[in-house]
Amino acid sequence: MKSNIKKWVEENKSHITIFLIYEVISFCLIFFHEAWRDEAQSWLLVRDLNFVELISQMKYEGHFLLWYLILMPFAKLGFPYITTNIISWIITSISVWLIVKYAPFKKYKKYLFIFSWPMLYLFPIVSRCYCLIPLAITLIAIFYRDRKTK
């Protein structure tokens, strides 16, 4: 078992290194970001409303329900507000790993993309539903190849 892990690490050394650099930089940026009103509103809604009230509130909100449903368990359990940023960071990190590992581009293009402003700041740090966009697009792109066989 250990030899399989070592083999996997050796095969993916450059991917792991770039991913960890991305993780450290983006995680540090979380602590320098001041919350915006629209970020706080989603947290306050899921903290203070029950599920039925949240559904009826959605007609006044500009974003889809999935983001609120992701936040709701954490808000109801009393997690701190920074949890919204950490959730955004985790979702974007999954996207980054999938891009680094599976995107059919040259390495330097993948690395330029993941260290661009949207991927390094907008999606992981600003805690809005926008972090779901790169994950959705990446998953679509990965499964698009096999669309005719599966």
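Me: Is Glu 10 buried or exposed?

Reply: This is a predicted model, and in it Glu 10 has a relative accessibility of 53%. Because the threshold for exposed is over 50%, Glu 10 counts as exposed.

Me: Which side chain does Glu 10 meet in a salt bridge?

Reply: The partner is Lys 13, with an N to O distance of 3.3 Å. Lys 13 is partly exposed, at 44% relative accessibility.

Me: How many salt bridges are there?

Reply: The count is 3 salt bridges. One of them joins Asp 48 to Arg 47, whose closest N and O atoms are 2.9 Å apart. Asp 48 is partly exposed at 47% relative accessible area, and Arg 47 is partly exposed at 41%.

Me: What does Arg 128 pair with?

Reply: Arg 128 forms a salt bridge with Asp 38, and their closest N and O atoms lie 3.5 Å apart. This pair links distant parts of the chain, as the two residues are 90 residues apart. Arg 128 sits in the loop between helix H8 (117-125) and helix H9 (132-144), while Asp 38 belongs to helix H3 (residues 37-48).

Me: And how accessible are Arg 128 and Asp 38?

Reply: Arg 128 has a relative accessible area of 4% and is buried. Asp 38 has 34% and is partly exposed.

Me: Why do such side chains pair at all?

Reply: Side chains of opposite charge can pair when their charged atoms come close.

Me: Changing topic: which residues touch the most other members of the largest nonpolar core?

Reply: That core has 19 residues, and those touching the most other members are Val 46, Leu 54, Trp 67, Tyr 68, Leu 71, Ile 91 and Leu 132. At least two residues of the core come from each of H3, helix H5 (65-76), helix H6 (83-102) and H9. The most come from H5, which gives 5 residues.

Me: Where is the other core, and which residues are in it?

Reply: Another core, of 13 residues, lies apart from the largest one. Its members include Phe 19, Ile 99, Ala 103 and Leu 120.

Me: Back to Leu 71. What is it in contact with, leaving aside its neighbours within four places in sequence?

Reply: Leu 71 is then in contact with Ser 42, Trp 43, Val 46, Thr 84 and Ile 87.

Me: Which residues of H5 are buried?

Reply: They are Trp 67, Tyr 68, Leu 71, Met 72 and Ala 75. Viewed down the axis of H5, these residues fall within an arc of 140°, so they line one face of the helix.

Me: What do the buried residues of H5 pack against?

Reply: They pack against H3, helix H4 (51-57), H6 and H9.

Me: What about the length of H5?

Reply: H5 has 12 residues, which at 1.5 Å a residue should span 16 Å. The C-alpha atoms at its ends are 16 Å apart, in agreement with that expectation. Just after H5, Gly 78 takes a positive phi of about 85°.

Me: Finally, which residues of H8 are buried?

Reply: Met 119, Leu 120, Phe 123, Pro 124 and Ile 125 are buried in H8. They cover an arc of only 165° around the axis, which puts them on the same side of H8. Their packing partners are helix H2 (13-30), H3, H6, helix H7 (107-114) and H9.

Definitions and conventions: Residues numbered from 1 in each chain as written. Predicted model: local features only at pLDDT ≥ 70, side-chain atom pairs only at ≥ 80, totals over all residues. Heavy atoms only, no water. Salt bridge = Lys/Arg side-chain N within 4 Å of Asp/Glu carboxyl O. Buried < 20%, exposed > 50% of the residue type's maximum accessible area, 1.4 Å probe, protein only. Helix = DSSP H or I, 4+ residues; strand = E, 2+ residues; numbered from the N terminus. Core = buried A, V, L, I, M, F, W, Y, C linked by side-chain atoms within 4.5 Å. Contact = heavy atoms within 4.5 Å. Expected span 1.5 Å × (residues − 1). Arc of directions from axis to C-beta.
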